Amino acid sequence: MSTPPARPNPPSRVYVARLAGTAVFDPLGDQVGRVHDVVVLIRLKGAPRAVGLVVEVASKRRVFVPLTRVTSIDAGAVITTGLVNIRRFQRRATETLVVAELLDRTVTLRDGSGTAVIEDVALEQRRTGDWMITKLFVRRHTGRTGLLRRGEAFVVDVEEVTGLAGGRAQGATALLATLEGLKPADIADVLRDLPDVRRLEVASELDDERLADVLEELGEEDRVAIVSALDVERAADVLDAMEPDDAADLVSELPSDKARDLLDRMEPEEAEDVRRLLAYDEHTAGGLMTTEPLVLPPEASVANALAHARRTDVTPALAAMIFVVRPPLETPTGKLLGVVHLQRALREPPHTMLGTMLDKDVEAVLPEDPIGKLTRLLATYNLTALPVVDAGGRLLGAVSVDDVLDHLLPDDWRDAEDEVTDEAMTRTAHG
């Protein structure tokens, strides 16, 4: 059991950027999660009021904890009453997230001295118990490109700025810092919680590889909106970085003119893979397969196979199986000879040739085979992937179990509530 530091007299002022990531404890000292963000209400008059915390609990779920349920808050620990509702947090139209939406926002100084960027936000507790935004830590614009962060930094009263509710271009530096180290699925979860405009701002600041991974985890509507908002050259670069099957799914969701334009601007080899996949129905092996599984010749060694399986761009499901073929090794390959399971390869000497340990009993499927057949084969033989071949036995690609699951689950499965409950975290409803 973790015990929070004793803090009988919490400070009257807390800076949110330092508060993010702070452990949240119940009165008994058990940790229930960590602070992810702070929810505030920005009013036409008066200081913005903080109404609750977004707390990340088990399984990366983010839930709402009203500040009325918080008995102590500072940068060292947050203490709650122990009543925590595990319903997933959903931001209301009237609410603003400090880390996600206020940090990096450009505001105008009322004294006429120019504009500044918000780097941190201070909360202070009034005698009534309400937590209000009272101070902003800002950095003045220098007016020189590339030197924004070198301007003068100072604390200003919240009443001394305008534009807190938005209206100016907003950067994403502070929010991106909080996403560092998160898995693509977790970043996608963060983006889903953001307002539409802010979601596009943050997504556009991710590098091509990172954004490609995140788009693969988003639902149809969100990823189409993001790609449609990108400059066409940038969008084509991001599609190049995506797995071919995911890129094909996304392109198929775009208007036909936009799709053609993007395919024309993609790298020829990547575009060819996507066009090939678009020819198949999305609920068949051809529509679900990736054209880039692990492919090696029979004379390749175990050491070579393990080096390919360690590649960071290969999913665990595909890394568990090496497809052994006759040349050429690019799909469509030469004839499929069999597969080598990663677990088997780990038991063999590094110099052993793959051709001596082939599993020839894994049933290959044709590109037109329906998803039902794929599901039965994967489940029956406990496989993570299946080879997809043409009539001549040439390897066209592979269908992984995660791609099959994506199509079997409801379209909105990423946004669905977990059905797992925890009696230790029964809590009040949001609002």
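Reply: Helices (H or I, at least four residues) and strands (E, at least two) are taken here as DSSP runs, numbered from the N terminus. The model is a predicted one, in which local features need pLDDT of at least 70, side-chain atom pairs count only at pLDDT 80 or more, and totals for chains, interfaces and linings use all residues. Residues are numbered from 1 along each chain as its sequence is written, and side-chain values use heavy atoms, with hydrogens and water left out.

As background, most residues other than glycine have a negative phi, and most peptide bonds are trans. Asp104, although not a glycine, has a positive phi of about 80 degrees, and it lies in the loop between α2 (98–102) and β9 (106–109). Asp104 has a relative accessibility of 4% and therefore counts as buried, a term that means under 20% relative accessible area, while exposed means over 50% and partly exposed in between (1.4 Å probe, protein chains only). Asn382 is likewise not a glycine and has a positive phi, of about 55 degrees; its place is the loop between α16 (371–380) and β17 (385–389). With a relative accessible area of 69%, Asn382 is exposed.

Turning to the peptide bonds, the one that joins Pro327 and Pro328 is cis, with omega about 5 degrees, and Pro328 is found in the loop that runs between β15 (321–325) and β16 (336–341). Another cis peptide bond joins Thr331 and Pro332, where omega is about -5 degrees, and Pro332 is also placed in the loop between β15 and β16.
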